[in-house]
Amino acid sequence: MSRVDAAAGKGSLNTKDGVSRAVVAVLAWVLALGLLVAPVVLVFAEALRHGGAAALASFSDPDAWSAIRLTLVMTVLAVAINTAFGILAAWLVTKYRFSGRGVLLAMIELPLSISPVVAGLAWVLLFGLQGWFGPTLARWHVDIVFAPPGILLATLFVTFPYVTRTLTPLLEAQGAQAEEAASVLGAGMWSTLWRVTLPGAASALASGVLLTTARALGEFGAVSVVSGHIPGLTETMPLHIETLYNGYQSVAAFSMAALLALFAILIVALRGLAGGRRPIEDGLA
Amino acid sequence: MSVRLDAISRRNAAGGLILDDVSLEIETGEFVALVGPSGAGKTSLLRVIAGLDAQSGGTVEIDGRDMSALPARARGLGFVFQNYALFGHLSVAANIAFGLRVLPRSLRPSRSEIASRVDELLDLMQLPGRGRDFPAQLSGGQRQRVALARALATRPPVLLLDEPFGALDPMVRKSIRTWLRDLHDKLGLTTILVTHDQQEALEIADRLAVMADGQLVQAGAPDLLEARPATSFVMDFLGDTVRIEGAVRGGVFEPEPAFALPVAVNVSDGPATLMIRPHDIDLVTGPAVLTPLATHGGFARYRVGDAVTVHVPVHVADRVPVTGAALDLGRGHLFRSGKSINTI
């Protein structure tokens, strides 16, 4: 083949490549717009169907406020607890080789594959009135199921894997050397964790925390089982939305849904920011 | 401070012996290079000294104190990693200050003292004003000096260096080598350097410890190793060698190749291998065909017969016989089963 032929052949290949690339891009956009963006837009449209005033007015209902407050409190608690446990778990499984490590790793991922409803039921079986510990708890006047502690437990269960899952691969990649360097410089275990390991994995940690937050805010299934749907007491935002919708209060339902969607969009944006600031090289230089 | 290694052994996770009964004493102020091919156990030994890996047997004493049970962070030694292992999320100054900041409160210098120590080290490392930079913004040579500054910040008496020049280009390597040796002398350090580059070790160290297969083969000053290599491996490792097989009969080493002259020796009869540096071979008139090769580094090089290369200093090259040559091996070393049997 002469040089001209070769160039022409390459050119036509590039054109073909370009066309298929464009098709893929268009498909991706259509899917994203149709499946992801359109529903969110619809939620906002429905909420604002009778005007902004009507949408805002729906938040003046004390049950709505209670739902928002409960959701935020549960989310803050769940994120705080699961961030701490997630860091510990990720650290444990990456830095130490111990027997049962594989089993532990698989167990951490269990909440991702188990249906949240099953998880909720498990809590009810444990702590409900008819459950194993129910009578004892009743004697001590401790309410777990159909009360905020149960909601917290359910939320903790479903959001457990995220911090560990995002942190573990990065800690694996970081390797032992930075920590060894810290240790020959005299740093102890905690000092090393706070000064070297976690800062080196900051973006992954932020990502995991935000994923946990998003999941905690929106969790329906597990919470639905343990909550008992008591408006003003044990209804989180997602549960309250369902109650409103089933009661044909569609503006109020969609307003609440829009607020939840706003939280979600905020988290996605924050996650983008956290991911955008990549750590310098791989934390080692 | 002196470092004393007594019968150090270490097994890897699979049970293989990666350090085998290594004993070595390093005196205060000495610069020792651990040399050997990769897999010889140099880095393993350094990590055992630092406390990063535990030995399976033997003791590490520093200044007469048994360190064997202490973790790395309690040993107070300076360690520079092969890839420097700088903390990428910390500035150069914060990297250097790290060892001071993690000291227990009672021993920790004040903020201003730490800052002035960092400035002092930046000057010493010829990196003035670079404290605010991040490691990723520095060149390889600069990172290496930051790693060194970080290791020296707490004034450790012993400095351990794991292939510190490995990632640098040859020009930088040469200059930083001399500079490091000066630093060692100036600060009165005791330094142990791991390198696979014998040339580097010969240039920088007071003493070389040659390792192979997890064992210490021979330790000594460069001229001692050159004059009396304990094994053929040491001889081989420290420079170019020509190897001539033969046998000793009645006090004479008789080489197999016809173009090599017999050498009078003082060892018992039996097979033997003579090893010699190419520049230690003298050419005399003889039967072998002499093929001139390229001149390089002040040596005229010749091929004698079909295998042996001889290096002749250029200023005596006119004395090389032109008609045909034989090898005078009088300055070689004789080995039997790899062990030195005589210096001729």
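Me: How do helix 3 and helix 11 of chain A pack, and at what angle?
Reply: In this predicted model, helix 3 (residues 62-95) and helix 11 (residues 202-218) of chain A pack at an angle of about 145°, with their axes 9 Å apart. Axes are lines fitted to C-alpha atoms, for helices over the stretch in contact, and angles run from 0 to 180 degrees between N-to-C directions. Helices (H or I, at least four residues) and strands (E, at least two) are DSSP runs, numbered from the N terminus.

Me: Which residues make the contact?
Reply: From helix 3 of chain A they include Thr71(A), Met74(A), Ala78(A) and Gly86(A). Helix 11 of chain A contributes, among them, Gly208(A), Val209(A), Thr212(A) and Leu217(A). Two residues are in contact if their C-beta atoms, placed from the backbone, lie within 7 Å.

Me: And what is it by class: how many nonpolar, polar and charged?
Reply: The contact of helix 3 with helix 11 of chain A has 6 nonpolar, 8 polar and no charged residues. Ala, Val, Leu, Ile, Met, Phe, Trp, Tyr, Cys and Pro count as nonpolar, Asp, Glu, Lys and Arg as charged, and the others, Gly among them, as polar.

Me: What is the pLDDT of chain A like?
Reply: The mean is 85, and 91% of the residues of chain A reach 70 or more. pLDDT is the predictor's confidence in each residue, from 0 to 100. Over residues 1-11 of chain A the value is below 50, and that stretch has 1 contact beyond near neighbours in sequence. Residues 277-285 of chain A also stay under 50, but there the model has 33 contacts beyond four places in sequence.

Me: What are the ground rules for numbering and cut-offs?
Reply: Residues are numbered from 1 along each chain as its sequence is written, while chains are lettered from A and ligands numbered from 1 in the order in which they are written. Local features need pLDDT of at least 70 and side-chain atom pairs count only at pLDDT 80 or more, whereas totals for chains, interfaces and linings use all residues.

Me: Where does chain B touch chain A?
Reply: On the chain B side, helix 2 (72-75), helix 3 (92-101) and helix 5 (140-152) are the elements that give two or more residues. In total, 24 residues of chain B are in contact with 20 residues of chain A. The chain B side divides into 16 nonpolar, 5 polar and 3 charged residues.

Me: OK, chain B overall. How many helices and strands?
Reply: Chain B has 9 helices and 21 strands. Its C-alpha trace spans about 80 × 45 × 35 Å along the principal axes. Of its 344 residues, 41% count as buried. A residue is buried if 20 or more other C-beta atoms lie within 10 Å of its own, exposed if 12 or fewer, and partly exposed in between, with C-beta atoms placed from the backbone.

Me: What is the strand order in the open sheet of 4 strands in chain B?
Reply: The order is 2-1-4-5, with antiparallel pairing. Strand 2 (17-26) and strand 5 (65-66) of chain B are at the edges with a single partner strand each, so one side of each has no neighbour in the sheet. Two strands pair if DSSP finds at least two bridges between them.

Me: How many bridges between strand 1 and strand 2 of chain B?
Reply: Strand 1 (residues 3-11) pairs with strand 2 of chain B over 6 bridges. Ile8(B) stands opposite Val22(B) in strand 2.
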